[in-house]
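Take a moment with the sequence and the 3D view below. Then follow the text from part to part.

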Amino acid sequence: MLHLELVDISRSAAVLTAVILVAAILSQVLRPQLRFIWHCFIRPLGATDQKDRLIKFYDGQADIHDTTRNGLLRGRSTMLSLSASHLRSLRASNPNKRLVWVDIGGGTGHNIELMDKYTPIKSFDAVYLIDLCEPLLQVARKRFAAKGWTNVIVLCQDASQFTLPEWTNGPVHPSRVDKWEGSQRKCWIPGYYILLDRIDFVLAPQDGLLGVVDFYTAGKQPYLHEKAIGGTSKECGWLSRWFWQIWFDFDHVSLGPARRSYLEYKFGTVKSYNGRNQFIIPFIGRIPYYIWLGRPRSCDVSQACHAFEVEGGNLIGNCSPTLLHDRKTRDVLPLEIGEPALDVEEMNRSAPVVIDITPPLSSFHYQVNKNIQPWRLPYYEQPIHKEFRTYIYSFTWEDPFEDMKHLNLSKNDSMLIVTSGGDNALHYAIEAQPRRHLTGYSDVHFSQGHLAELKLAALQSLTYDDFFSLFGSGRHPHFRELLDSKLGPHLSSSAYQFWRLNDDAFSSAFYMRGYSGWALRVVRLIFFIMGVTKYVRQLCECDTIKAQMNIWQTKLRPVLLNPVVVALLRNPMFCWNALGVLLNQRRMLLEEGSIYDFICHTLDPLISTHLLKTGNYFYLLALLGHYTPVCCPSYLTLRGFNALKSNKDGCLDAIRLHTNSIVNVLRGLLQNSLTRALIMDHLDWFNPGSPDVVEEVAEFHRVLATDGMIFWRSASRKPWYNEIFSKAGFDVTPVAVRDGSRAIDRVNM
């Protein structure tokens, strides 16, 4: 009995020792978090003055401030990396101009230390850290002394009344100093509005940049123009909005929606990203935060206004502050493309006709890239945008080589095309270099525009190896880093936010994403289940047509013509979600034959005509999930990449991206302003006899020049809308009709 009691006592002692040991370890590991909780949530402040309140709040936790705040306020590294890349673009034309950074509310100087990774601190003429909390500034002084940064000056001042040592006679006029303002924690500053007014006065109008990362709350339903400026996902639900305002108010921190609204009103938005941190527990404690870059509204936006109003065809309903003839433009070539559809002078006399939205303008007008014309035209979110979760096509499924045989493009042509994956317009720019892709791409699907923007930005900012990794191989291990440090300055705010939210798109297989990616995944799954995956690879490696046909006929054709696969392709839900084929287009196809016949007439002639390994990058991509250096679109070849990157004759400057329906874009164009238009198969989507098609065809007839041409593709051999073109005054001539005997191009659909 005694022996058993001793054993029980020994076990109890061991458990108690283990508990004490674990508690001791946890207390050391969690010591910073426990101190943070004590000072933030439990310890009474007992101070009424802002400075005393800050000192009591941070005294005792200043040394752990950086450790505990990394998870609380996210986005600082992103803001600094974005700011550095945009700053380089702003200063490209005048790199020797004086460079000063004022970090408002920088506390311990952690931001300045982080910035050294993206832009050397020694490259600044002066860096000023301004904060009212002395305990935090003591940490900053030690940090900078250890780094040996003699150009960094720490100032204990009220941010709303900050004064720099170089201001001997008060704040200098902004034209005398290049000021870049990196800021965070503005919600902690009582004189917030005064501070923004002060920054606006001292920030250089042309080269100044303001960066902010902060918490925020916003209304549930912002108006359209606010959405265009503030980005997507800005809305906060009522619980989030009120809870976080009340929560932060306990610490005398104001988080009202009006603060951010004033920032976006006072300055021109360059980039905006809205996120939610996951502090402590994911999906619980999701505090709204935003990353924002902006410029003074006094900067020159004439070039962007010209591009938007005239080159983009937006003389009516424009978002610019005044009409074009009242504005003096600089370095803008004259553009004479015919008489306007409406009397512009009459528009000026009749004020109600013109929708004249005063500043702040959209981020389109304030972008920092001065070397190229702006691509993406601003757009408002429409109900139809909610129908698309992501892009449909990650690649273009039309053969530009066949198009070039009939387009007869020259440098004097102006074109309108459907965006899709953005590949074909780049092909036309390489081969013909037309003077203007007037409105270049047009697509109501905003994600397709984001993809086209990304390709244009990558052409401008990346090396060929990085570019091919993204869009050739479909994967890049450092896409997020490239997005902030190189691609960001070339992207619109909406495109940046989209790719920031989808920064895993290039983590493994880019072309397996989007709606079209699901189709490729299904085909790959079918091949795997049927055990023919190795023959797919062999098909793509064949060196002769004979070997290719043998594998196709004996191994793969029986799989794709399996009744189960044919039934899947007949399914309307699969046709739309995986192939982007709507019911009307599917109906047109089935009226002229079966799905079985369609597969046979499509694939059989292709396999017997084009070698996949070197001559048909469309189906090589579909089978492998990526391109190869010897079989890829022209823009992915080294020759094509160099031609586009050099921007010879301004071939990239001529591109404009519209996020709108084709008919709405046409309404804004001048008469006889287009010489070529390629609208793919989008008219297949309409109901037969639709008045919308009649209106669109009439608009094309108005904007096309006398010798202009419009090309379209269709799932039907003789689409119903051919007659509408004829009635509108077009001569309709079939270029190629698919009958199963031969391939009409390398897609053959």
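**A walk through the fold**

Start with helix H21, residues 514-529. This helix has 16 residues and reaches 23 Å from its first C-alpha to its last, close to the 22 Å expected at 1.5 Å a residue. Keep in mind that the model is predicted. Several residues of H21 are buried, including Tyr515, Leu520, Ile526 and Phe527. Gly514, Ser516, Gly517 and Ala519 are buried there too. After H21 comes Gly531, and its phi is positive, near 70°.

Now step back to the whole protein. The protein has 33 helices and 12 strands. Of its 749 residues, 54% count as buried. The protein exposes about 33200 Å², and carbon and sulfur atoms supply 57% of that area. What about contacts with a separation of 6 or more? Residues 24 or more positions apart account for 76% of them.

Next, go inside. In soluble globular proteins, nonpolar side chains tend to be buried together. Here the largest nonpolar core has 123 residues. Which members touch the most other members? They are Phe471, Leu487 and Trp499. Helix H17, residues 446-461, gives this core its largest share, 8 residues. Look at Leu487 up close. Leaving aside neighbours within four places in sequence, Leu487 is in contact with Leu454, Ala457, Ala458, Ser461, Leu462, Phe479 and Leu482.

H32 covers residues 691-703. It has 13 residues and reaches 19 Å from first C-alpha to last, close to the 18 Å expected at 1.5 Å a residue. Its buried residues are Val693, Glu696, Val697, Glu699, Phe700, Arg702 and Val703.

Trp238 lies in helix H10, residues 238-249. Is Trp238 buried or exposed? Trp238 has a relative accessible area of 59%, so it is exposed; the cut-off is over 50%.

In one of them, Lys234 meets Glu264, at 2.9 Å from N to O. Lys234 lies in the loop between helices H9 and H10, and Glu264 lies in helix H11, so the pair ties together parts that are 30 residues apart in sequence. Lys234 counts as buried because its relative accessibility is 3%. Glu264, at 5%, counts as buried too.

Another salt bridge joins Asp399 and Arg746, with the closest N and O atoms 3.1 Å apart. Asp399 sits in the loop between helices H14 and H15, and Arg746 in the segment after H33, so this pair ties together parts that are 347 residues apart in sequence. Asp399 and Arg746 are both buried.

Helix H15 holds a local pair. Lys405 and Glu402 meet in a salt bridge of 3.2 Å, N to O. Both lie in H15, 3 residues apart, about one turn of the helix. Lys405 is exposed, with a relative accessible area of 57%. Glu402 is buried, at 19%. Finally, Glu113, Arg143 and Lys147 are linked in a network of salt bridges.

Technical notes: Residues are numbered from 1 along each chain as its sequence is written. This is a predicted model: local features need pLDDT of at least 70, side-chain atom pairs count only at pLDDT 80 or more; totals for chains, interfaces and linings use all residues. Side-chain values use heavy atoms; hydrogens and water are left out. A nonpolar core is a set of buried Ala, Val, Leu, Ile, Met, Phe, Trp, Tyr and Cys residues joined through side-chain atoms within 4.5 Å. Buried means under 20% relative accessible area, exposed over 50%, partly exposed in between (1.4 Å probe, protein chains only). Helices (H or I, at least four residues) and strands (E, at least two) are DSSP runs, numbered from the N terminus. Contact means heavy atoms within 4.5 Å. The expected span of a helix is 1.5 Å times one less than its number of residues. Accessible areas come from the Shrake-Rupley method with a 1.4 Å probe; for residues, only the protein chains shown count as cover. A salt bridge is a side-chain nitrogen of Lys or Arg within 4 Å of a carboxyl oxygen of Asp or Glu.
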